[in-house]
Each structure stands twice: as structure tokens, then as C-alpha cells.
Amino acid sequence: MASAGLSMLWPQDWAGRFCSAAIFVGICFAARRVHRSIKMKNKRKQWDAVGKDVVLLHQFWRGKYCPNLSPFALKVESFIRLANIEYKVDFDTPFGPKKKCPWMTLNGEDIADSEFMLERLKNQFGVTLDEHLEESKKCNLEAARVLADEHLFWCVITYRYWHDRCKTFLTTQTFPKITVFFFNWFMPRAIKKKATMQGIGVHSQDEVFNICKKDVATLSGILGEDAYFGGEKPCSADCAIFGQLAQLCWNAPGTRYEALIVDAYPNLKHYCYRMKELVFPDWNQLLNPPKNN
């Protein structure tokens, strides 16, 4: 009887075994989906509990020298702070509906992509960071913003994750071992593929650096002697540009990429520290581990 029962659970013929295995896999898959659904419902309750008109910003963990490894997360958090919008941060779910970081939840709605997020925040809260700018200045700064977000960004991540193979970058973060393994094994391959598809990946390391240098020089020229890209006070474009330049200023220590900011174009260095002090007076407390001064 026992052997008969066992044969029903695990048939002797290969067709029966295949069917049993398929049923087992299906049950496991269904159980996993149910588990994820329950987990997401619980998370949604936590997210909704932050309150009405409170932004829940989903982003990566804090770093040793800079509050975020993502220029776009730093961009959005800078904007939220400059606009005096109440917000909370979630580090447990950094990837959103578009599988990108950051994203935000606002009044039960999920919004992804940093530009869409800023646009939504402007409309929701009547943000006036750009009202002091003339129309021509707004257009010029949008071009500078695109240069930073869509061009300089690719130089930075191509160097960080592919050319340097995360070696310098990992010294700026506090990650568990499994995450370090992920970055060492997965990121160089993934970024190499993406950078090649984008176009910058077909260039040599020196060529990518020279492209980065030209981008930084352009931003330095646009800034000139102004305190901010918005003039005497920062605007929306400052949030994006600062997010990108901060990666060079703080997350590339001891490299020629860092030297572009701290040595070659000191007005950008002073700009980064000015933004840091204005937008993140608690910068040191946000780091992981926090600094006392």
C-alpha cells in the first residue's frame, strides 16, 4: 500500500514524472505569487499610512560620502527639499513600476521617472522654484539639464560600473556581501551591454573620459561665476545637475573623474558644496554610517 501511494506521488514512467514535476512547479509558482501579493498589500498599507500629501520617496540606500548612489534619487530628493514638501524615504523597495530607481508614492498613486515625478510635484504643490527665470533662461537650463541627465550620466555609469568594474564605487558604499557580489558580477556585464546599445560603449576609456570632461567643461561655462545655475538661488535644473555632479564629487574618490570637479573646474566644486550646505544641512547625518561633523 505504501509503495502504491508513493508511486501515485512519483510515477515510475517518465511522462507521469514530468506531469508531477510540472504540477509541483505550478504550485510553487502560485504560492510565490500569493506570497508576493500579500507582501505587497502589507507594504501598500505602510505606504498609505504616511498621510495625505506626504511624498514617499523610494530610493537606494545611503552611501558613505553622498546620500545616494543614484543621481536621479539625489535630484528628486533635492527638489523635494527645496520645495519644502513633506516626505519620507523607503529604502526597502527601490525599484518601481518601471523597474527603475527612484520612484514615489503620493496619495496612493505610484509615479516613476524623475522628470515625471518633478512635474507631478510642481502641479500638486504649486512649486515656484523657476518663477524668477526668464523664458530664454529656462530653455537654456533645460538644455543643460538634458546634458547632465542624458549624456554626462552615461559617462559616469560607464566608468563606474564597467571600466572601473565597481572597484572605486564600492569603497563609497556600505553593502552586505551578497550585494557586493551582485555589483562585481552583474553590473559590469549589464552596463557594458546598455552602454554599447546607447552608443558611448563603443568608445575607449580615454575617449569616454574626454567626453565626460567636455560635458563638465560645458556645465562649468554655463555656471560661470553664478552661485547656482538658477542665478542667485537654485531652480529645478539645479537639482538634476547637482545630482549628476555629486557622483563625481563624492562617489569617485581618488580618480581623474573626481579631479574634473575638485581640480579642473573649481567653480563646480564650490557649487556642489554650496548646494550641499543649502539643500542638505543634515548631509553628514544622512550618510551610512553617519558622521558626527
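Modeller: Sorted by class, the lining of the largest pocket holds 19 nonpolar, 3 polar and 10 charged residues (nonpolar: Ala, Val, Leu, Ile, Met, Phe, Trp, Tyr, Cys and Pro; charged: Asp, Glu, Lys and Arg; polar: the others, Gly among them). The model is predicted, so local features need pLDDT of at least 70 and side-chain atom pairs pLDDT 80 or more, while totals for chains, interfaces and linings use all residues. Numbering starts from 1 along each chain as its sequence is written, and side-chain values use heavy atoms, without hydrogens or water.

Of the 32 lining residues, F95, K100, C101, F153 and K194 lie nearest the pocket's centre (a pocket is an open set of points on a 1 Å grid over the protein atoms alone where a 1.4 Å probe fits, with protein on both sides within 12 Å along at least five of seven lines; lining residues have an atom within 4 Å of a point). Two or more lining residues come from each of α3 (71–82), α4 (114–125), α5, α7 and α8 (helices are DSSP runs of H or I, at least four residues, numbered from the N terminus). Helix α5 gives the largest share, 8 residues.

Now to α8, residues 187–198. Its buried residues are M187, P188, A190, I191 and A195 (buried: under 20% relative accessible area; exposed: over 50%; 1.4 Å probe, protein chains only). They sit on the same side of α8 because they cover an arc of only 160 degrees around the axis, taken from the directions from the axis to the C-beta atoms. These buried residues pack against α5 (135–163) and α7 (177–185) (contact: heavy atoms within 4.5 Å). On the other side of α8, K193 and M197 are exposed. Just after the helix, G199 takes a positive phi of about 125 degrees.

Key
Expected span 1.5 Å × (residues − 1).
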